[in-house]
Each structure stands twice: as structure tokens, then as C-alpha cells.
Amino acid sequence: MRPLPRRPLGQLEAEVLAALAGLGGSASTAELVARLDDDPAYTTVNTILHRLYEKGLVSRFRAGRHYRYELAVDESELVADRMREHLRHASDPASALNRFVRTLSSEEARQLREILDKPGERG
Amino acid sequence: MNWFTFLPLAVMLALSTVLGRVALPLHPSWSARLLAMTAAMTVLAALGTGAFVAINYAATLAPSAAAHVPEWALFGDDRPVPDTVGVAAALLTATGLAVTGRTAAGWVSELHTALAQAQAPLETDVPIAVAVPGRRGGVLLSRGMLRGFTAAELHVVFEHESSHLRHRHHRYAAAGALVAAVLPPLRPLNERLRLAMERWADEDAAEAVGDRGFVARTIAKAALAQPHTAGAVTAFADSGVVQRVEALLGTPPDRNTVTGPLLFMGNGFVTSSLTAATLQLDHALASCLLPLLALR
């Protein structure tokens, strides 16, 4: 029987994406395995990469016998109604999902620009 | 029934109110744990007290049925519960349970939508990243994020989201959402808990990336790229982005390796004892143990 994965897949997916982003350009599966904590199996990482590829989050190209992967950044057009659906997630206090940033008020946007424009903070 | 019946709940409500107003001088990971525990226990205490008073009111109305209720569930002083208190408790408990059910149903449908959507990047130019919990979960991203952010910035985003997933932040968020839904005056507690969770993930990302200023700028970049909403929509809640950015630009918080666990355990002990009291667990325990002592 196959042992249960030690981490939930979602988390490993996020870690693989983080590793891929950390490496900059493209990476092979072996390079990613080396960058991940807790030594996940090569095949596990390959499966994750395949899933990410199917989701359209990474793109791949063949280099010799193996694929190399990179973060997918492709131009695709905007579908207005799906977008509205997502913006709803954001500031709902009853939500159990954690979003990277919530929508700012214009006052907060002003404060934020002020903080960032302070000399000495950029560098 | 006497004022002791409501004492544990009163203490919990007071504690929650204070924690909603005052920022804890702790590492965000400990603040989040403490706030989530308090939120969950307060909801339980409120529902427990309400249910308990309602049961006793029912016993007042139908004394014959009361004989079938275990002794520990009754006040024991055989004084009737006044109508005003009894009806109010029954109504509030029913409302609380209904709201709990509705909120939980909301999470399930929200999670389903998010899981379905997480299968492909969102087709929008707004940079969005959401941690979707569960086995089939992951990070929900938008095209705008993939396109507009450099690899180094995406690294920050993924580290932030994977911290949410690793620490199961959806459970904390659920406790906060519940307290805000069942006890609306305690919304500030939920807001503080959410901020603590984001700060926790920010600190994890900063640690992984090794550059606090860069994490701060990435958050600011994502926040400023969000479409502006009309004032009225956001009036009720602060997004917390300004505090997050300021905190990251300041000195890193102390990890509180001793105070954190101590305060968390202390808070856990106090809140769970109070909650147990509202649920009459002490009486239940005593009614189980006393016969054992008698056998000895």
C-alpha cells in the first residue's frame, strides 16, 4: 500500500510553486526536489508538477530526456463575470478563506503610498 | 437560577471584548492562537448558557418532563425560571444555532467554489491569491498575479499562502467568523484574529525569503493593484494592509517562546473552565464521580 503523503497536497503544491518562483527561470524536477524541505520523493514532486501543469500554473518544455518547468505567465483575456465572483470572496467577514490582501479603502491606499515613499525604505 | 448562572458567560464576553479592542503584545502566531481559542470558547459558552437556561425554563413549564432530565442539567434550586429570561434564552439559543448552521453551510459552498476555481488560474487582471484548504486544495491564483509579479514576488506570495495552509489557518478563520456571526458585537475580535493570521503568514514568508522590506513591498504592490471600492463598502472593516506593511518595515517581533505558550495555555485553561461551567460539565462530572465515591 502506498504510504499516505506526510503533507496535504495543497501545501506541497504551494511549496513547489514557491521553490519554482525562488529559482527564477526554469527548473527540472530534480532541482526542485533538492530545494524542498523534508526530502519529498521524486515521483511525488513529478506528480505535483503534472497537476500544476494541468491547472495551467506552470508551463514545461522538453530538455533532453526530462521536462523543465517554469511558472506560467500567459496572456489570456479577461472574463468579467468570473472576476466579480472572486472579488466577493475578499472582504466577507464570514469567510473561512484567507486571501493575500483585502481590498483597500482609498484612505488606506493613501497611507500605504505615504509609507512606501518615505526615504530610506526602498533599497 | 441566580447570577452565577450568567457569570462565566459574562466573563467570557468581557474577555472577548477586551481582546477585540486591545492588541496583544505577542508574536502574531501566539496572538492568533489565543484569539481563536477565545472566539471558539465564547461561542460555545454563549450557546451553552442559552441552552441550559432554556432547558430549565422548559422544566419550569413542564415539571413532569423535568423528572426525565438528568439532575446535573437542572439548576437544583427548583425555583421557576422567569418567562422573560426563559423565552429570551430559548430564542437567542435557537437563533445562535441557526446562524452557526448557516455560517457553516456558507463555508462548505465557498470551499466547493474555491476548489473548483483552483483548478485553473482566475481570468482576471486583479492580483489575487487565496489559500484553499483541504486535500484537493492549494493556492488559488489569478492571471493578474502570475503576470504582474516577478518570480521573487511570487515566491513571497507562495510562502505566505503555504504558511496559511501549513498552519491550517482556515480553522482559526472559522472560529473568528463564527463569533462574528453569532455574537455581532464581538466583530472586532474577528478582525483582530484575521489581522493576526495575516501577520503570522507574513512573518513566515519574511523568514523564508529573508527580506522583510521586500515582503512589505510585495504586499503593498498587491494591495494597491486591487480595484478601489466605494467608501461605504469598506467602511465597516479595515483591510489591515497598512498595519501589516508597517509591522514588516519595523523590527521583527519577539518569538515569545516562553510567554507565548504560557499565556496561550493560561488563556486556554481559563476559557475552557468557564465554558465547561456554562455547559454544566462540572455538575455532570460531579454527578458521575459522586456515586463512585459512595461505592468506595
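Which strand of chain B pairs with strand 4 of chain A, and in what sense? The partner is strand 1 of chain B, residues 129–132, and the two strands pair in the antiparallel sense over two bridges. The model described here is predicted.

The pairing belongs to an open sheet of three strands, in the order 4(A)-1(B)-2(B), with antiparallel pairing.

Helix 6 of chain B, residues 151–166, lies across strand 4 of chain A and across strand 1 and strand 2 of chain B. The helix runs at about 25° to strand 1 of chain B.

## The annotated span in chain B

An unreviewed UniProt entry gives the annotation "domain: Peptidase M48" to residues 132–177 of chain B. In the model, this span is 67% helix and 11% strand. The C-alpha atoms at its ends lie 16 Å apart.

## The nonpolar core

The largest nonpolar core has 104 residues. Those with the most contacts inside this core are A:V16, A:L17, A:L20, B:A39 and B:V179. Helix 2 of chain B supplies the largest share, 20 residues. In chain A, domain 1 (9–71) and domain 2 (82–117) both give residues to this core, so the core lies between them.

Leaving aside residues up to four places away in sequence, A:L20 touches A:A27, A:L32, A:V58, A:Y69 and A:L71.

## Helix 11 of chain B

Helix 11 of chain B covers residues 241–249, and its buried residues include B:V241, B:V242, B:R244, B:V245, B:A247 and B:L248. An α-helix has 3.6 residues a turn, so residues three or four places apart point the same way.

What covers the buried residues of helix 11 of chain B includes parts of both chains: helix 5 (106–117) of chain A, and helix 8 (187–209) and helix 9 (212–224) of chain B.

## A loop proline

B:P25 sits in the loop between helix 1 (3–21) and helix 2 (28–61) of chain B. Is B:P25 buried or exposed? B:P25 is exposed, because 11 other C-beta atoms lie within 10 Å, and a residue counts as exposed with 12 or fewer.

B:P25 and B:P253 are 228 residues apart in sequence. In space, the C-alpha atoms of B:P25 and B:P253 are 9.1 Å apart.

Technical notes
Residues numbered from 1 in each chain as written. Chains lettered and ligands numbered in written order. Predicted model: local features only at pLDDT ≥ 70, side-chain atom pairs only at ≥ 80, totals over all residues. Buried ≥ 20, exposed ≤ 12 C-beta atoms within 10 Å, placed from the backbone. Helix = DSSP H or I, 4+ residues; strand = E, 2+ residues; numbered from the N terminus. Contact = placed C-beta atoms within 7 Å. UniProt positions renumbered as here; feature names shortened; annotations may be inferred. Pairing = 2+ DSSP bridges. Axes fitted to C-alpha atoms, helices over the stretch in contact; angles between N-to-C directions. Core = buried A, V, L, I, M, F, W, Y, C linked by C-beta atoms within 7 Å. Domains from an automatic or database assignment.
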